[in-house]
Structure formats: C-alpha cells, structure tokens
Amino acid sequence: MAIYAATKNAVRTVHEGLRTESTDGVVRTTAILPGYVRTDLADSMADPQIREQTRKNMDAMGIPPAAVARAVAFAIE
C-alpha cells in the first residue's frame, strides 16, 4: 500500500503544480481523488489474509465505481 499511496500523492502534487503554474488559462486541470473505491484490486493480492481483509474493507467502506464515473462526467461537462 505504501507504493500506491506514494504514487497517488505524486499525481496530486504534479496536478497542484500544473494548476498553480498555469495562470494564463492554456492548461486547465481538474483532479478527482476518490478514497476507497470498490474494485477488483483484491484479486491481484497473493496473500489470502490480506486479500480477504481488503475485500471486507471494500464492502464496508468502498464507494461504487459509478460514483467516480459521475464525478468525472460532471468535471468534464
């Protein structure tokens, strides 16, 4: 999870840099940074205990992918 968190933060940081540096309106940015989304991420995990815990967490806290899709559609419109 450390690598995942680091790369997500890197994307956020690059986005923030682009947003603050592009004051002439040539580059427009929008970031959608959802939290825990219900995906098939757990299927890629080799450790059965971690895989099961990840699935339980997604069921308990994960937001549906459709919610992310609606946010993206709203930002584009």
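Predicted model: local features only at pLDDT ≥ 70, side-chain atom pairs only at ≥ 80, totals over all residues.
## Two salt bridges

Let's start with a pair of charged side chains: R55 and D43 meet in a salt bridge, with N and O 2.6 Å apart. R55 sits in helix 2 while D43 sits in the loop between helix 1 and helix 2, so the pair ties together parts that are twelve residues apart in sequence. A salt bridge here is a side-chain nitrogen of Lys or Arg within 4 Å of a carboxyl oxygen of Asp or Glu, and by this rule the count comes to two. Residues are numbered from 1 along each chain as its sequence is written, and side-chain values use heavy atoms, with hydrogens and water left out.

The other bridge joins R19 to E16, whose closest N and O atoms are 2.6 Å apart. These two are three residues apart in helix 1, which puts about one helical turn between R19 and E16. (Helices are DSSP runs of H or I with at least four residues, strands are runs of E with at least two, and both are numbered from the N terminus.)

## Who is out in the open?

How exposed are the bridge residues? D43 is exposed, at 51% relative accessible area, whereas R55 is partly exposed at 32%. R19 is partly exposed too, at 45%, and E16 is partly exposed at 30%. The cut-offs are simple: buried means under 20% relative accessible area, exposed means over 50%, and partly exposed is in between, using a 1.4 Å probe and protein chains only.

## A nonpolar patch

V14, L18, V26 and V27 make a nonpolar surface patch of about 360 Å². Patch members have over 30% relative accessible area and no salt bridge; like charges are joined within 9 Å, and nonpolar side chains (Val, Leu, Ile, Met, Phe, Trp, Tyr) within 5 Å. The areas come from the Shrake-Rupley method with a 1.4 Å probe, and for residues only the protein chains shown count as cover.

Where does V27 lie? You'll find V27 in the loop between helix 1 (2-21) and helix 2 (48-61). V27 is partly exposed, with a relative accessible area of 39%.

## The largest pocket

The largest pocket holds about 160 Å³ of space. A pocket is an open set of points on a 1 Å grid over the protein atoms alone, where a 1.4 Å probe fits and protein lies on both sides within 12 Å along at least five of seven lines; lining residues have an atom within 4 Å of a point. Grid points are joined across faces, edges and corners, and the volume is the space filled by probe spheres set on the points.

Its lining includes M1, Y4, K8, P34 and Y36. By class, the lining has seven nonpolar, two polar and one charged residues. Here Ala, Val, Leu, Ile, Met, Phe, Trp, Tyr, Cys and Pro count as nonpolar, Asp, Glu, Lys and Arg as charged, and the others, Gly among them, as polar.

## Across the chain

E21 belongs to helix 1 and is exposed, at 66% relative accessibility. A73, in helix 3 (residues 65-76), is partly exposed at 34%. From A73 to A6, 67 residues apart along the chain, the C-alpha separation is 26 Å.
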